[in-house]
Amino acid sequence: VGIAVGESKDLITALARYPICLKCFKLYLQWLERNIPTQRLSDYDLVKVIREGKVERLKMLEERLNESRSLLGLSEDEFARTFFTNDLHVEDPEKVHDVLAEPLFAIDLRNNQFSEIQKLPNSIEVKGKFIPIADFVAVRNGIKFAIELKTIRTESSLKTNRNKTLEPATEADWWQKMFLANARTKIEDKDRRVLTQLENTCKKYNCKARLLGLYTRRLAVSTLMEPVEYREALQRLRAEYPVLDHLCCKNYHADVVIFEPEL
């Protein structure tokens with residue numbers, strides 16, 4: 001099982017003109033060769049982009065990964081090891097977007113006047129036990145933040161909701177309700193693990209504020225929701241989870257990054 005003989009080498013060769021992309025994705029492409037049937041490879045966006053020769057997208061990705069690496073103060077090897085390790089090596093076409101979200105979010109933080117941005121490990125050892133911590137710590141206006149990012153994946157169907165009825169025909173503003181439901185699921189998942197991560201980070205890294213970032217890749221939400229609707233949704237979430245000092249959201253098109261309350 002795998003892609004055609006030599007195809008992985010060809011993909012890697014095509015990626016060679018983009019050094020940081022190659023550093024980050026070489027092992028991923030090799031893993032795909034060993035584990036994914038040829039007929040299913042087109043489901044994996046990186047393979048599709050390389051095969052179709054989408055130079056502008058690859059060039060943009062190269063630039064943004066280098067920008068993130070530079071602002072985090074990491075070498076190419078450190079950057080690839082930090083963000084692009086075995087997490088990618090799963091039979092899941094969407095996983096690459098989950099993984100990419102974090103280094104690109106570091107740029108969003110910088111663009112919103114955060115400094116001293118530091119990527120944290122998944123967990124740290126405390127008194128012989130490993131405890132989960134947040135993705136980042138960063139400073140803004142003298143306040144140190146614990147920051148966790150959660151990605152809401154693209155919907156499997158744009159036509160129906162869980163009751164198999166057409167979304168727009170059943171209730172008004174269903175896109176905002178979808179966003180809220182997805183956000184609550186992320187917060188409540190694994191006994192509110194995200195809140196535990198933020199709390200642990202505040203204690204161990206002397207942070208004074210907790211920030212939860214939500215990156216929604218839902219196409220319907222990203223297309224239909226207006227900035228004022230995102231803000232209203234974030235205000236509702238803050239009221240429901242008062243332990244969160246700040247929330248922010250970013251949509252699929254990456255053209256909306258909203259903080260609540262405003263920084």
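**Cysteines and rings**

A: Let's begin with cysteine 202, which is buried, with a relative accessible area of 9%. Buried means under 20% relative accessible area, exposed means over 50%, and partly exposed is in between (1.4 Å probe, protein chains only). Keep in mind that this is a predicted model: local features need pLDDT of at least 70, side-chain atom pairs count only at pLDDT 80 or more, and totals for chains, interfaces and linings use all residues. Residues are numbered from 1 along each chain as its sequence is written, and side-chain values use heavy atoms, with hydrogens and water left out.

Q: What's the closest cysteine sulfur to the one in cysteine 202?

A: That's the sulfur of cysteine 207, 5.1 Å away, which is too far for a bond. Cysteine 207 is buried too, at 7% relative accessible area.

Q: OK, new topic. How many aromatic pairs are there in the whole structure?

A: A search finds 10. Rings of Phe, Tyr and Trp (its six-membered ring) pair if their centres lie within 6.5 Å; planes under 30 degrees apart count as stacked, over 60 as edge-to-face and the rest as tilted.

Q: Why is the pair of phenylalanine 25 and phenylalanine 84 called edge-to-face?

A: Their planes are at 75°, with the ring centres 5.2 Å apart, so the pair is edge-to-face. Phenylalanine 25 lies in helix α2 (residues 19-35) and phenylalanine 84 in the loop between α5 (76-83) and α6 (95-111), so the pair ties together parts 59 residues apart in sequence. Helices (H or I, at least four residues) and strands (E, at least two) are DSSP runs, numbered from the N terminus.

Q: Are those two buried or exposed?

A: Both phenylalanine 25 and phenylalanine 84 are buried. They also belong to one aromatic cluster with Tyr28, Phe79 and Phe83.

Q: And what about phenylalanine 114 and phenylalanine 145?

A: Their ring centres are 5.2 Å apart and their planes at 80°, so that pair is edge-to-face. Phenylalanine 145 sits in strand β5 (residues 143-152).

Q: Last one: where does isoleucine 143 lie?

A: Isoleucine 143 lies in strand β5 and is partly exposed, at 37% relative accessible area. Leaving aside neighbours within four places in sequence, isoleucine 143 is in contact (heavy atoms within 4.5 Å) with Ala138, Lys208 and Ala209.

Terms used:
A disulfide is a pair of cysteine sulfur atoms within 2.5 Å.
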